[in-house]
Amino acid sequence: MPKPLRFNRKSLFTKLLLGFMVVILISFAFNVWAYRFFHNRMIEQLVHSSTLSLANKVDSYEKQFSQIDDLLTMYFFDASLTSLKKSSFDSSFPIVNELADQFKTITNNYNSSVENAFIYYKDQGFVIDKNGYSLVEDMFGKYYLSESYGSQFWAEPFLEDFHLKVLPAAEFDRYRSNSFLTASKGHYLPVIVRNQIGSPFYMAALVDADRLFGSVSSVSVSDGFYITDKNGKLYYSSRTMSDLTLPSLQADQSHMLYNNNYYFYQKGPVSGLTYVSIVPYEAIASQLNRMSTLLLTLFGLSILISIAISVLLSVRFKNPIQRIIEGLREMNPVIPHRSKVHEFNVISESLQQIITSVHRKDTLLQKYGYLDKIKSIQTLDTELLGPVETERPFHFIMFHVHYSGELVRLGQDHAVKANFLLECINSNMTGAFPDSMTMQIEKNRILSIVFSEQDVSSDIQEKLGGLKQRFDSDQAYYQVTIACQTRLWEPSEFTSAYEAANEMTRQRKLKSETQIVTKPGSGSALALWTPEEDRTFTAHLDVGSIEPLQSLVQNKLQWLGKQDAAAWHYAQFASDLLSKLLMALMAHKIDTGLLQPEGSLSPFETMEGFIGAGQYEAFLGTVTERAAGLIREKREACDPIVDFVTRFIEQHYGDDIYQELIADRLNISAGYLRNYFKDKTGRHLSDYLNEYRMGKAKEMLQDTEERIQDIAAKVGYQNANSFTRMFRRLTGVTPGEYRRDRRMAN
């Protein structure tokens, strides 16, 4: 019959129970700490995400205002705008139309939130916007009518000293002839840009406030977003509010909790406005309270259940162990101590066998003891413990994979192919070197580390040779560069081994095969463009000269081939060339998307799949020709001023033509005419006149027998010597030599 349980501090029952209690208390303490930690983290995350969201909105708003500032400020440097007057408006219609087109471009392309942009001339009393010319009274009394910004208001900015000023958003309406207002035209933020040095006009834009807010807000917000000035005046609100009262912040604060709402503030560096985001705290606090109640209830139940289970388990553990201990004390194998726990039964059965065996061996040991006593034999037991060393030297191999365009064309995923390569490399390296480890560290880099006490680089090279044959069978889809130094690295050199292998992969040549690099180092840098080549390329590209550009590109690619350049040199040259083309297109205000066919990959993505110099040559020749063609088309587009100038020269090339005469006919200044003609055609007006005259002179020299001085007079040169010098400068020969050469050729 089992003995009754007694509470003893040193008993197994007490120790087990106390151990369970300690575990329960530790678990409870950890859960309490975890609850408080995650509670604080939720609050911190709320503040962080709200601050980041506001910062993103502020950055978007300020970028919009900065872009408007940049676009409008450039008009203050246009001399033709300063001289534009109401009295001369009829003769200045080309300027007005050009301004209207530019404002349309600003509203349509540069900024989707700009409703309109305009120039306000105070003294002349008129406005030029995207729709053309308007009187001030019509502009702000009919087309953009607002209670906050009447016609008189728009003259006030001339009395203030500022460069950029953003005004509060207001409703604007359109006045109709039947004397009533239609629905609201829009809710706009006026932005005014002035030249602080002094100017007879200022620039302004009307920004659609709601559209701008929608473009910077990824999701709809119900908490509130506001824009105020430094005095708290409301400039914009994401929702209708009759009265806005914001709490005051300390100097070092960016947010605060006030009336169960979090208020986040940030000031814009460009506009100087204050952006405010309000996030309600009540819903989060309610969720946290419910979570706290639930967790505390679960904690209480878990403690009660844990204590009950601990007592039962302690009793279940104590009884069989106590019976086993009693059997050991009495060394009696016949004492029964069966249990429902299998391990206790195994221990009990083993102890019975041990006790029986001990009883048998005690007799023998006693006999041996006597024998040793008689013989005086001394025994010595020794236990040896050898340390195990785990750190060993290693060989380091890097596989750099370059996927070709064929893989993309077939629609195969790089990830699937990378997984296949990883499995292939791992199976081969593990099969040859069981004590090795293979891993993928990037989408195109795989590492193998072979641990070895001795240098096995020759075996590794043999295995890599077999892998090369395997990879070369798929060289149309990918090419592999293998970097492996024939040396054994020390355990502390993992970082050095990786950096050395990474540099070695840059030695790859532009060949469609697997390449094994064993010598340290990297491909040396090359000076891809000389200053003269860069200037020549830019000059030809600026005028759209296709053949010289293609010749330059082909010469550079041939030079790379002679230099035995690495693959990354070709990629670097192609990227640099493509950047030049894109920058030139943007400088001429040409859509860069026209550089590649619709629906195809971007040029940079296309070049990632190139594996041969021929691909680079064909692709770069195509995009260069396309970019030059686009620029030439833009320059050769019809233009009324250019057409007038060219027709005038064609009709009067024999007269005394000077630039001021043509400018007077167009009612513009000679300086503006020179700059305009150069910008549109890429050539100076005087050069065009001289070249046209020389072209006519060539025809006369070849087709007539007239004297050279007579031909000079017919093409506008009263001095034959001046004609001869100009002819020789443009053709390289004198008029007489040209006539003689033409006749001999015929």
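These legends describe close-up views of a predicted model.

**View 1. A five-strand open sheet with mixed pairing.** The strand order is β14-β15-β13-β16-β17. Strands β14 (436-442) and β17 (515-517) stand at the edges. Each has a single partner strand, so one side of each is left without a neighbour in the sheet. From one strand to the next, the twist averages 20°.

**View 2. The pairing of β13 with β15.** Strand β13 covers residues 394-403, and strand β15 covers residues 445-451. The two run antiparallel and are joined by seven bridges. Across this pairing, His400 stands opposite Arg445 in β15. Strands of a sheet pair through backbone hydrogen bonds, either parallel or antiparallel.

**View 3. Helices α10 and α11 against the sheet strands.** Helix α10 (residues 457-472) lies across β13, β15, β16 (478-484) and β17. Helix α10 runs at about 175° to β16. Helix α11 (residues 494-504) lies across β13, β14, β15, β16 and β17. Its angle to β13 is about 35°.

**View 4. Helix α19, residues 670-681.** This helix has 12 residues. From first C-alpha to last, α19 reaches 16 Å, close to the 16 Å expected at 1.5 Å a residue. Gly682 follows α19, and its phi is positive, near 80°.

**View 5. The buried and exposed residues of α19.** The buried residues are Ala670, Tyr672, Leu673, Tyr676, Phe677 and Thr681. Seen down the axis of α19, they fall within an arc of 150°, so they line one face of the helix. Asn675 and Asp679 are exposed on the other side of α19.

How values were computed
Residues are numbered from 1 along each chain as its sequence is written. This is a predicted model: local features need pLDDT of at least 70, side-chain atom pairs count only at pLDDT 80 or more; totals for chains, interfaces and linings use all residues. Side-chain values use heavy atoms; hydrogens and water are left out. Two strands pair if DSSP finds at least two bridges between them. Helices (H or I, at least four residues) and strands (E, at least two) are DSSP runs, numbered from the N terminus. Axes are lines fitted to C-alpha atoms, for helices over the stretch in contact, and angles run from 0 to 180 degrees between N-to-C directions. Contact means heavy atoms within 4.5 Å. The expected span of a helix is 1.5 Å times one less than its number of residues. Buried means under 20% relative accessible area, exposed over 50%, partly exposed in between (1.4 Å probe, protein chains only). The arc is that of the directions from the helix axis to the C-beta atoms.
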